[in-house]
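Subject: Structure handover

Hi,

Here is the structure I promised to pass on. My notes on it follow below.

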Amino acid sequence: MAHAPLRAALVAASLVAAWASPARAYRPFDGTDADVADVGNFELELGPVNWYSLGPGHYLVAPATVLNLGFAPRWELVGEFQNVVGVDPLPGEARVRLLGNDVLLKVVVVPGSLQGIGRGPGAAVELGPLLPNVNGEDAFGASCDVIVSQRWPGLVLHANSWIRLTRGTLRLDGLEGVILEGSLEDALRPVGEVFVEHEWVAGVTTWSGLLGGIWRAREGLDLDVGLREARVGDQTATEVRLGVTWTIGVWKPEQAAGHGASPHRQLALRR
């Protein structure tokens, strides 16, 4: 019985980690794609107000923010954070927390059909440090996500294989997920995602499914909606995600003839 408080703390920390996933970088998904912002483009991915519930806790994520900058061919700098406000905070839990603070680098290592190069899959890697949270785990961690994307007529698939060392005690955490999108040529396309995540020390497994849609309102502006249902250990989680992705040209790089933006970025203009 002496270890019960420690076990409870580990489980609670893993539940928060399962929600505030550092792989969250491609609205409205938890995973991402094997593509990056074009050189000179800045992408703001913003969820102004999202609703999240886990067991007895209810929260507003206001906002959920991801900042992307294409700074070199095939390279992207990513920064992200989530401001979490407890609607009915639990005992011992701060009402306002800044979670999921990350600075990551993403590189396309194998261009493929998503970039309009051949018909085969492409691959990218996103990795970097997990920064200390505010009113959360006040320590560093690390993250590495390997992404493979394949585009067919009318369908796009992104597979994520992600591993991290969680903040503080450096617990090992792994995630396997698949994103499906409709045709990138359509202004409105249905999307979905399934993933399973396991935190080995606490022994907590998360099963998650998301359904939603993305609307290309105009060039450089996408709106998204997603409903996520998950099972986190023995608790049920529900999340409603509403967001926008806005692409801004910061500078114009010199391009060699025939080497323009990838079809994925031209059509979706989002990561």
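Before the findings, one term: buried means under 20% relative accessible area, exposed over 50%, and partly exposed in between, using a 1.4 Å probe and protein chains only. Please keep in mind that this is a predicted model, where local features need pLDDT of at least 70 and side-chain atom pairs count only at pLDDT 80 or more, while totals for chains, interfaces and linings use all residues. Residues are numbered from 1 along each chain as its sequence is written, and side-chain values use heavy atoms, with hydrogens and water left out.

The overall picture

The chain has two helices and 13 strands (DSSP runs numbered from the N terminus: H or I of at least four residues for helices, E of at least two for strands). Of its 271 residues, 49% are buried.

Salt bridges

There are 13 salt bridges, each a side-chain nitrogen of Lys or Arg within 4 Å of a carboxyl oxygen of Asp or Glu. One of them pairs Arg241 with Asp30 at 2.8 Å, N to O. Arg241 sits in strand β13 and Asp30 in the loop between α1 (4–19) and β1 (41–47), so this bridge ties together parts 211 residues apart in sequence. Both ends are buried: Arg241 has a relative accessible area of 0%, and Asp30 has 2%.

Another bridge joins Asp33 and Lys106, with the closest N and O atoms 3.1 Å apart. Here the loop between α1 and β1 is linked to strand β5, 73 residues away. Asp33 and Lys106 are buried too.

What about Arg171 and Glu137, whose side chains meet in a salt bridge? Their N to O distance is 3.5 Å. Arg171 is in the loop between β8 (155–165) and β9 (172–181), and Glu137 in the loop between β6 and β7 (141–152), so parts 34 residues apart are tied together. Arg171 is buried at 4%, whereas Glu137 is partly exposed because its relative accessible area is 24%.

Ser113

Ser113 lies in the loop between β5 (96–110) and β6 (122–130). It counts as buried because its relative accessibility is 6%. Its side chain makes a polar contact with the side chain of Gln150 at 3.3 Å and reaches the backbone nitrogen of Arg151 at 2.9 Å. A polar contact is a pair of N or O atoms within 3.5 Å; within protein, one must be able to donate a hydrogen and the other to accept it, and residues adjacent in sequence count only if both atoms are side-chain atoms.

Best wishes
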